[in-house]
Amino acid sequence: DVPGAYLTAPLSGPPTFVEIDPRFWPPDEEWDNARRFYEKHGELPLFRLWRSLYGLPRGDTDWNLRADTLLAQKDFQRTADVGEDTIYLREEEEGDPTLCIRYSDNFVFTNELKTCVQAHIDADEVLHFGEEENFHLTEIVGMERIVMDIDDGKNIFWHQTSYARMI
């Protein structure tokens, strides 16, 4: 989990302004201009948002772009042509590529345990995961049921066909 993930993403698009209820203003001096404006005019001042927020219509898009950029710094490439933009692969020096699946600000890495630990460490360098323990190091038995097919060397398909047939 990336704490405050959306707040790390620069806000794209036209400038966005919000009104903040005075009950939620912090009591520090930086907000004195807002207090004076409110007292003088009886209207709430507008505040420009520079970072994305949860619930903001383009917040997901802004965070997704930021996550893509940060993961690319650690050689994770978003898989193309799979209809899903939150699946990444990283080629490893030895063995199978590491698979990273992202759900909003949560990340799952799959590969051999040692490789996953290194992938988590590498991603943490740019994403700054939370301080608390936020991952479980366990080897998953049965991953052979998830199959990766490469079609003409261009498209990668992830499926569980053999597992579905078995059931």
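W25 counts as buried, at 9% relative accessibility; buried means under 20% relative accessible area, exposed over 50% and partly exposed in between, with a 1.4 Å probe and protein chains only. The model is predicted, so local features need pLDDT of at least 70 and side-chain atom pairs count only at pLDDT 80 or more, while totals for chains, interfaces and linings use all residues. Residues are numbered from 1 along each chain as its sequence is written, and side-chain values use heavy atoms, with hydrogens and water left out.

**Overall make-up**

- The chain has four helices and eight strands; helices (H or I, at least four residues) and strands (E, at least two) are DSSP runs, numbered from the N terminus.
- Read from the N terminus, the order of elements is β-α-β-α-β-β-β-β-α-β-β-α.
- Of the 167 residues in the chain, 29% are buried.
- The chain exposes about 11800 Å², and carbon and sulfur atoms supply 52% of that area; accessible areas come from the Shrake-Rupley method with a 1.4 Å probe, and for residues only the protein chains shown count as cover.
- Taking contacts between residues at least 6 apart in sequence, 48% join residues at least 24 apart; contact means heavy atoms within 4.5 Å.

**Aromatic residues**

- A pair of aromatic rings is described by the distance of the centres and the angle of the planes.
- Seven aromatic pairs are present in the structure; rings of Phe, Tyr and Trp (its six-membered ring) pair if their centres lie within 6.5 Å, and planes under 30 degrees apart count as stacked, over 60 as edge-to-face and the rest as tilted.
- Y6 and Y54 form a stacked pair, at 4.0 Å centre to centre with 25 degrees between the planes.
- Y6 lies in the segment before β1 (16-19) and Y54 in the loop between β2 (46-49) and α2 (59-72), so this pair ties together parts that are 48 residues apart in sequence.
- Y6 counts as buried because its relative accessibility is 5%.
- W25 and F47 form an edge-to-face pair, because their ring centres are 6.2 Å apart and their planes stand at 80 degrees.
- W25 is in the loop between β1 and α1 (32-41) and F47 is in strand β2, so the pair ties together parts that are 22 residues apart in sequence.
- One aromatic cluster is formed by W25, W31, Y38 and F47.
- R48 lies over the face of W50, at 3.9 Å from the ring centre; a charge sits over a ring if NZ of Lys or CZ of Arg is within 6 Å of the ring centre and within 35 degrees of the ring normal.

- V18 is in strand β1 and counts as partly exposed, at 24% relative accessibility.
- Not counting residues up to four places away in sequence, V18 touches P45, L46, F47 and L49.
- The C-alpha atoms of V18 and R48 are separated by 6.5 Å, although the two residues are 30 apart along the chain.
- A34 is in helix α1 and is buried, with a relative accessible area of 8%.
- With residues up to four places away in sequence left out, A34 touches W25, P45 and F47.
- Twelve residues separate A34 and L46 along the chain, and their C-alpha atoms are 8.9 Å apart.

**Helix α3**

- Helix α3 (residues 113-127) has 15 residues and should span 21 Å at 1.5 Å a residue, which agrees with the 20 Å between its end C-alpha atoms; the expected span is 1.5 Å times one less than the number of residues.
- Buried residues in α3 are T115, C116, A119, H120, D122, A123, V126 and L127.
- Seen down the axis of α3, these residues fall within an arc of 170 degrees, so they line one face of the helix; the arc is that of the directions from the helix axis to the C-beta atoms.
- An α-helix has 3.6 residues a turn, so residues three or four places apart point the same way.
- The packing partners of the buried residues of α3 are α2, β4 (87-90), β5 (98-103) and β6 (106-110).

**Positive phi values**

- Most residues other than glycine have a negative phi.
- H128 lies in the loop between α3 and β7 (147-151) and is exposed, with a relative accessible area of 53%.
- D75 also has a positive phi, near 70 degrees, and is a residue other than glycine.
- D75 lies in the loop between α2 and β3 (77-78) and counts as exposed, at 52% relative accessibility.
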